[in-house]
Amino acid sequence: MIRLERVEKYYGSHRVLRGIDLRIERGEFLAIMGSSGSGKSTLLNLIGGMDRPEKGNVFVDGDNIAAYSDDQLTLYRRKRVGFIFQFFNLLPNITVFENIALPLLLRDSTDTSRVKMFIERMGLRGKDDAYPYQLSGGEQQRVAIARAFVHDPDIILADEPTGSLDSETGMMIMDTIRQVVRETKKTVILVTHEPYIAEYAERIARIKDGVILP
Ligand SMILES: Nc1ncnc2c1ncn2[C@@H]1O[C@H](COP(=O)(O)OP(=O)(O)OP(=O)(O)O)[C@@H](O)[C@H]1O
Ligand SMILES: [Mg+2]
């Protein structure tokens, strides 16, 4: 479903990705590991259409998104991808309900029944009108998970989703992600540097010196 071919990414003259070749099947749960600065987030951003490579192809269902225009890339991102981040990235001045509804608004959808459904599913009942600062870290990440799934994207990208949580909460969050992913049959790419978090994936790819290790 996702296929990267000889992908190179530069920041100035610094070549961060030096020819990434990687295939991810539909419905697969892949973990990407590698040391700090090895290019994990850069790689995730290319798959998520937040950025384009200088060289190489990023095929999603046969379409090369590396060749998309800005508008095409924005549409791709909004429709096909759900993001989960280390620091949750919730908007501080709007409620839990409004944060989860954001991807629907961006798609001009007014059907908020899925927001309610995910609030229940994530164990956030009664928190609809709370603001992010009124929630624990684990609760904030559950809001972010709901936001990542609410518009029913087929690709979920999680960049160190447990990185700012204690290990117990982190494992609860991973259990939740794994369950929802199984129920909804998403393709997941998880970035982590914690081996016990990578264990949640079906396959682990390691990145070093700008390439995926064989
Ligand atoms: N926007 C940017 N401008 C310039 N350099 C960048 C930019 N983003 C990342 N880099 C550089 O690219 C390299 C890879 O960064 P990246 O964030 O992908 O690493 P990472 O593997 O996610 O690291 P970490 O585990 O610390 O999150 C680093 O050397 C970083 O300094
Ligand atoms: Mg990173």
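Student: How do the residues of the shell around ligand 1 divide into nonpolar, polar and charged?
Tutor: This is a predicted model, where local features need pLDDT of at least 70, side-chain atom pairs count only at pLDDT 80 or more, and totals for chains, interfaces and linings use all residues. Residues are numbered from 1 along each chain as its sequence is written, while chains are lettered from A and ligands numbered from 1 in the order in which they are written. Ala, Val, Leu, Ile, Met, Phe, Trp, Tyr, Cys and Pro count as nonpolar, Asp, Glu, Lys and Arg as charged, and the others, Gly among them, as polar. The shell around ligand 1 has two nonpolar, eight polar and one charged.

Student: Which helix gives the most to the shell around ligand 1?
Tutor: A residue is near a molecule if its C-beta atom, placed from the backbone, lies within 6 Å of it. The residues around ligand 1 include Gly39, Lys40, Ser41 and Thr42. Helices (H or I, at least four residues) and strands (E, at least two) are DSSP runs, numbered from the N terminus. With three residues, the top helix is H1 (residues 40-47).

Student: Which residue in E5 stands opposite Val60?
Tutor: E4 (residues 55-60) and E5 run antiparallel, joined by two bridges. Opposite Val60 stands Asp63.

Methods. Two strands pair if DSSP finds at least two bridges between them.
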